[in-house]
Amino acid sequence: MEKIIRNVRINAGGIIFNRTRQCLAYADDVVILGRTEGYIKRTLEEMAEITQQIGLQMNNTTTKYMINRQDGNKVKEIELMGKRYEKVESFKYLGAVMTSLNEIETEIKSKIAVGNKCYYALGPIIKRRSISQSIKIRLYKTIIRSALTYGAETWMLTSKTEKC
């Protein structure tokens, strides 16, 4: 996978704000970011070509794309070499929810839901009288609070998002 990503000519110069397309990769999960549908399509074409050269192929049923635009892009699918790739409005990558409108509220609500799941899963243990309060506090700090705040340092909070 690393060889494929290195061979796709994603503009390496400059900073993240002035690049036309980018690629994030972790194990076999790859995220292609592009400013327009054309940049995403060109990157997909290059990746498909390189994967075929080394004897691999991209799975069009699990490969999806998202365009971050405020104008509500109407394109539903990209077709490439006879295969269709579905457009999504949001996806989860490494535990973080990304949306096409860059809404941090969705991510915050997702983390609150994860924190609630942890709390209710530990409910019987936390309510047990035979367990000391120091153990219960340690469980809260190590499990519930860490699950709730995972990735929070990247959130850009506004007065609206602080009310979530």
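**Close-up 1. Threonine 161 lies in the segment after α4.** Helices (H or I, at least four residues) and strands (E, at least two) are DSSP runs numbered from the N terminus. The model is predicted: local features need pLDDT of at least 70 and side-chain atom pairs pLDDT 80 or more, whereas totals for chains, interfaces and linings use all residues. Residues are numbered from 1 along each chain as its sequence is written, and side-chain values use heavy atoms, without hydrogens and water. Threonine 161 counts as buried because its relative accessibility is 4% (buried: under 20% relative accessible area, 1.4 Å probe, protein chains only). Apart from residues up to four places away in sequence, threonine 161 touches Ile104, Glu105, Ile108 and Met156 (contact: heavy atoms within 4.5 Å). Its C-alpha atom is separated by 8.2 Å from that of isoleucine 108, 53 residues apart along the chain.

**Close-up 2. Helices α3 (residues 104–127) and α4 (residues 133–149) cross at roughly 160°, their axes coming within 8 Å.** Axes are lines fitted to C-alpha atoms over the stretch in contact, with angles from 0 to 180 degrees between N-to-C directions. The helices are therefore roughly antiparallel (angles over 145 degrees). Among the contacting residues are Ile112, Cys118 and Leu122 of α3 and Leu139, Ile143 and Leu148 of α4.

**Close-up 3. The largest nonpolar core has 14 residues.** Such a core joins buried Ala, Val, Leu, Ile, Met, Phe, Trp, Tyr and Cys residues through side-chain atoms within 4.5 Å. Helix α2 (37–53) and strand β4 (77–80) each give two or more residues, and α2 supplies the largest share, five residues.

Note on methods
Buried means under 20% relative accessible area, exposed over 50%, partly exposed in between (1.4 Å probe, protein chains only). Angles under 35 degrees count as roughly parallel, over 145 as roughly antiparallel, 65 to 115 as roughly perpendicular and the rest as oblique.
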